[in-house]
Amino acid sequence: MYALAVGSITTAQRGKSILNKNGIKCGIQRYYGEKQIGCGYVLTVSDNIDKCRNILNSVGIKILDVSKK
């Protein structure tokens, strides 16, 4: 499972909706990492991380940090 950090809950909700529409299940959790990333939320995904990043980048969602859970 991977955690893709984004800057706000709104961005996380938008990202979740986009990934779900592309057949990728994901969840939203608070970010507890060491970096400062705005409001601090992550999208949790278990699918191909590169595919998820490409989909999110293609719609303008910036991934601030990626960690493996």
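The model is predicted, with local features requiring pLDDT of at least 70 and side-chain atom pairs counted only at pLDDT 80 or more, while totals for chains, interfaces and linings use all residues. Residues are numbered from 1 along each chain as its sequence is written, and side-chain values use heavy atoms, with hydrogens and water left out. The protein chain has a mean pLDDT (the predictor's confidence in each residue, from 0 to 100) of 89, and 90% of its residues reach 70 or more. Where pLDDT is low, the predicted coordinates should not be read in detail.

The protein chain contains 2 helices and 4 strands, arranged along the sequence as β-α-β-β-α-β. Helices (H or I, at least four residues) and strands (E, at least two) are DSSP runs, numbered from the N terminus. Of the 69 residues, 39% are buried, that is, under 20% relative accessible area, with exposed meaning over 50% and partly exposed in between (1.4 Å probe, protein chains only). The accessible surface (Shrake-Rupley method, 1.4 Å probe) comes to about 4,200 Å², and carbon and sulfur atoms account for 46% of that surface. Contacts are defined by heavy atoms within 4.5 Å. Of those between residues at least 6 apart in sequence, 67% join residues at least 24 apart.

Helix H1 (residues 9-21) and helix H2 (residues 49-58) have axes that come within 10 Å and cross at roughly 115°. Axes are lines fitted to C-alpha atoms, for helices over the stretch in contact, and angles run from 0 to 180 degrees between N-to-C directions. The contact involves Gly15, Ile18 and Leu19 of H1, together with Cys52, Ile55 and Leu56 of H2. By class, these comprise 5 nonpolar, 1 polar and no charged residues; Ala, Val, Leu, Ile, Met, Phe, Trp, Tyr, Cys and Pro count as nonpolar, Asp, Glu, Lys and Arg as charged, and the others, Gly among them, as polar.

Cys52, in helix H2, is buried, with a relative accessible area of 0%. Beyond residues up to four places away in sequence, Cys52 touches Leu4, Leu19, Ile24, Val45 and Asp47. The C-alpha atoms of Cys52 and Ile18 are separated by 9.7 Å, and the two residues are 34 residues apart along the chain.

Thr44 lies in strand E3 (residues 41-45) and counts as buried because its relative accessibility is 8%. Apart from neighbours within four places in sequence, Thr44 is in contact with Met1, Tyr2, Lys25, Cys26, Gly27, Ile28, Gln29 and Lys69.
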